[in-house]
Amino acid sequence: MKYIKVKIGRRKYRVNVDILIRLLSGLLILCAAVGVISFVSGLVNKDDNPSEPLVLASDDPDNGYDASAGVLNAKEYKGTMLAKTKDAGQDYIDSTLFIGDSNTARFIKTASPEGGTFTGIANTIGVVGMGIDAISSLPCMQFSTGMYTMPQAVSILQPERIIITFGTNNLYGSDTDATSFIERYEQQLKNIVAAYPSVDLIVNSIPPVARVRSYPHVTMTQIDAYNRAIADMCTENDWKYLNSAEALKDEKTGFAKDGYLDSDGLHFSQQGLTALFEYIRTHSWIKKDDRPKPLNAIPTIYGVPDGLIQTNPLNNKSFEEEPVEEPAVQATPVPTPTPEPEEDEEKEETPEPAETTAPTQETAEKHEHKYELKESVAPTCGTAGSNTYVCSCGDTYTESVPATGAHTWGEWTIVQNPTYEADGIQERQCSVCGAKETQAIPKLEPAPEPDPVPSSVPEPEAPSEPESVPAEETGAVEEAVILSSVSEEQTETAQPAGTDN
């Protein structure tokens, strides 16, 4: 055995080297084990919802997931999938209305690297927990005139274009049949276009999820299948498809890139949103602005109230407040873009938004509401109306009335006269909303060729046949001729005297 001398204070000790090495080795192993346990424990404790276990590689439903299967061929979707462009800048973002679920809601709740938020309340309608089936039925955008559904809000805001992102809250499992999802999604998108036909529609892909995530039944296998079906739907309807998923995915794994999502593996982080908006600006779609001018005045915008949906559709549990990486910037109401009053006019104060939350059960037990119609705004052909009801206790709610779509047309005006080679064009305009309708005027028909004109000189008539004389009259005629001849001979014989022969 080997020993070493160790001096501690004034005393010296002999220590067995083999025992010392074993003690140190055991101590190192113990420290390593504690470190591993702490790391795993910290990973689990990062979950926003501790009751929902994180999905690890061993029990991931996406085991065997083929990342290459989710890659869309740009040539296959040429004309539908937005190609790379020059950076369109912040003006492109500001002139776009973003519609979607909780990831869209984060656009105005997460600070951008430049300061402020990625979008504002005037161009963002994001509802936490919302799926495609509530697009046309859930009043979610608050104006000073009331609460409106997404299609109604689009007709009020009159945006140049829309980028809409839905689908995450409609996912479950690894089934790749998207038929039902697409049929319902397509109808909702058509409702939006019908509400404001001048808008340019861009449908965004469903964002990818992380390999480690809080929702095991949300799979990349299903996301890829649904995104391909969305691209096909856009092709059939002549809509544009924004394939932002390609910028958010790891090329090798097919899952979201590290750092792009929060710890739940589902919602965008600041880094992920930065990458998303860079992709949006560099895959822009800018057309000639054909919206009817002037635009209608927009009521004061208060945005999307919190808590519209109480239950998380991905786990059927009540929502908890979701933290964000950076402190949110407080959004302020956007004033109505109406002409400012003259100097001698007093400015009216902005009215408070109508209270639209339903009475709680506790309040209902104390007081039974009896609502009466307080104010009614009639809808027009292009603008939704509203009915505001009030109870004696002061509680109010507002319901929207869809736009009528019945235009008040003026007289037809010829824009282009027809010719023998091309049709003409005439148009008329609605006196209420300014919408225009055009109609073709059939091209001119060539004049028919005239019939031949008859000659002014009459053609000679054919000589008439001599009339036949009856046999019994022949003798009389001959006798008359003979008498005439005798008379002429007598006249010539009786000449006066002295006449030359």
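Me: Which residues does Asn 243 touch, leaving out those up to four places away in sequence?
Reply: Asn 243 touches Leu 72, Met 81, Ser 205 and Tyr 279, where contact means heavy atoms within 4.5 Å. This is a predicted model, in which local features need pLDDT of at least 70 and side-chain atom pairs count only at pLDDT 80 or more, while totals for chains, interfaces and linings use all residues. Residues are numbered from 1 along each chain as its sequence is written, and side-chain values use heavy atoms, with hydrogens and water left out.

Me: Where is Asn 243 found, by the way?
Reply: Asn 243 lies in the loop between β9 (240–242) and α7 (245–248), with helices (H or I, at least four residues) and strands (E, at least two) taken as DSSP runs numbered from the N terminus.

Me: And is Asn 243 buried or exposed?
Reply: Asn 243 is buried, because its relative accessible area is 7% (buried is under 20%, exposed over 50%, partly exposed in between, with a 1.4 Å probe and protein chains only).

Me: New topic: which residues touch the most other members of the largest nonpolar core?
Reply: They are Ile 164, Tyr 185 and Ile 230, in a core of 58 residues, a core being a set of buried Ala, Val, Leu, Ile, Met, Phe, Trp, Tyr and Cys residues joined through side-chain atoms within 4.5 Å.

Me: Which element gives the most to this core?
Reply: That is α6, with 9 residues.

Me: What does Tyr 185 touch?
Reply: Not counting residues up to four places away in sequence, Tyr 185 touches Ile 132, Ile 135, Ile 164, Thr 165, Phe 166, Val 203, Ile 230 and Met 233.

Me: At what angle do α5 and α6 pack?
Reply: Helix α5 (residues 179–195) and helix α6 (residues 220–237) pack at about 45°, with their axes 11 Å apart, and α5 and α6 are therefore oblique to each other. Angles under 35 degrees count as roughly parallel, over 145 as roughly antiparallel, 65 to 115 as roughly perpendicular and the rest as oblique.

Me: Which residues meet there, between α5 and α6?
Reply: Phe 181, Ile 182, Tyr 185, Glu 186, Leu 189 and Lys 190 in α5 meet Tyr 226, Ala 229, Ile 230, Met 233 and Asn 237 in α6.

Me: How about α4 and α5, at what angle do their axes cross?
Reply: The axes of α4 and α5 cross at roughly 30° and come within 8 Å, so α4 and α5 are roughly parallel to each other. Pro 151, Val 154 and Ser 155 of α4 make this contact with Asn 191, Ile 192 and Ala 195 of α5.

Note on methods
Axes fitted to C-alpha atoms, helices over the stretch in contact; angles between N-to-C directions.
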